[in-house]
Amino acid sequence: MRITLTYFGEVSEDGQISLPKRMRAEIAKAFKGKRIEVAVKQRYKQRSSPQNRYYWGVLVPSVLLAFVDLGNDLQQDNQEHLEMVHDFLKRKFLTNGLEVVNAQGEVEKLPPSTTRLSTIEQEKYHEDIRRWAAEFLNVVIPLPNEQLEIFT
């Protein structure tokens with residue numbers, strides 16, 4: 001069984017590190033007699049639920065519909081086709097795929113992921129998709145909370 005302990009702290013302007021007092025005791029208890037690895041990274045706010053709903057409810061369906069309108073053999077409400085568009089967009093715009101080394105020592109690149117994006121990175125991803133869709137699919141995708149007026 002893999003054990004992961006997560007602690008949050010901060011570094012003050014004068015460089016003082018503040019971490020929970022219980023941290024050392026909990027690590028010692030959980031990993032007694034074992035080798036450990038400690039990684040420290042900046043904490044960031046992950047993409048939000050509204051961003052995720054906008055992505056799956058507006059962006060991905062809009063791109064799929066544009067592909068359908070351009071004569072591609074896809075179906076607008078087909079979950080598999082929505083997933084395919086999602087995979088396409090990730091490959092086209094994201095570069096956050098992790099690198100792993102295989103048994104032959106070769107570096108392999110795993111697919112990019114939207115789950116590792118911060119709220120700011122997710123907004124940039126959305127903007128990249130909207131810009132590309134306007135230029136290459138001739139479709140204007142509304143911003144979150146924006147209503148389009150349809151003229152007939």
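Let me start with a term: buried means under 20% relative accessible area, exposed means over 50%, and partly exposed is in between, with a 1.4 Å probe and protein chains only. Helices are DSSP runs of H or I with at least four residues, strands are runs of E with at least two, and both are numbered from the N terminus.

A word on what you are looking at. This is a predicted model, where local features need pLDDT of at least 70, side-chain atom pairs count only at pLDDT 80 or more, and totals for chains, interfaces and linings use all residues. Residues are numbered from 1 along each chain as its sequence is written, and side-chain values use heavy atoms, with hydrogens and water left out.

Start with helix 3, residues 79-93. In this helix, His 81, Leu 82, Val 85, His 86, Leu 89 and Lys 90 are buried. What covers them? Helix 2 and helix 4 are part of the cover. Helix 3 has 15 residues and spans 21 Å from first C-alpha to last, close to the expected 21 Å. That expected span is 1.5 Å times one less than the number of residues. At the start of the helix, a side-chain oxygen of Asn 78 comes within 2.8 Å of the backbone nitrogen of Glu 80.

Now the packing. Axes here are lines fitted to C-alpha atoms, for helices over the stretch in contact, and angles run from 0 to 180 degrees between N-to-C directions. The axes of helix 2 and helix 3 come within 9 Å and cross at roughly 95°. These two helices are therefore roughly perpendicular, a label for angles of 65 to 115 degrees. Contact means heavy atoms within 4.5 Å. On the helix 2 side, the residues that meet helix 3 include Tyr 55, Trp 56 and Phe 67. Their partners in helix 3 include His 81, Leu 82 and Phe 88.

Next, helix 3 against helix 4. Their axes are 11 Å apart, at an angle of about 100°. So this pair is roughly perpendicular too. Helix 3 brings His 86, Phe 88, Leu 89, Lys 90, Lys 92 and Phe 93 to the contact, and helix 4 brings Tyr 125, Asp 128, Ile 129 and Trp 132.

On to the core. A nonpolar core is a set of buried Ala, Val, Leu, Ile, Met, Phe, Trp, Tyr and Cys residues joined through side-chain atoms within 4.5 Å. The largest one has 21 residues, and Val 63, Leu 89, Ile 129, Leu 137 and Ile 141 touch the most other members. Which helix gives the largest share of this core? Helix 2, with 8 residues. Take Val 63: beyond its neighbours within four places in sequence, it is in contact with Val 85, Leu 89, Ile 129, Trp 132, Leu 137 and Ile 141.

Gln 122 sits in helix 4. Is Gln 122 buried or exposed? Buried, at 0% relative accessible area. Leaving aside neighbours within four places in sequence, Gln 122 is in contact with Arg 47, Gln 51, Tyr 55, Thr 114 and Leu 117.

Asn 138 lies in the segment after helix 4 and is exposed, at 69%. Its phi is positive, about 55°, although it is not a glycine. Most residues other than glycine have a negative phi.

Ala 103 is in the loop between strand 3 and strand 4. Ala 103 is exposed, at 80%.

Last, Ser 48, in the loop between helix 1 and helix 2. Ser 48 is partly exposed, at 23%. Ser 48 and Ile 120 are 72 residues apart in sequence and 10.0 Å apart in space, C-alpha to C-alpha.

Notes: Polar contact = N/O pair within 3.5 Å; in protein donor to acceptor, adjacent residues only side chain to side chain. Parallel < 35°, antiparallel > 145°, perpendicular 65-115°, else oblique.
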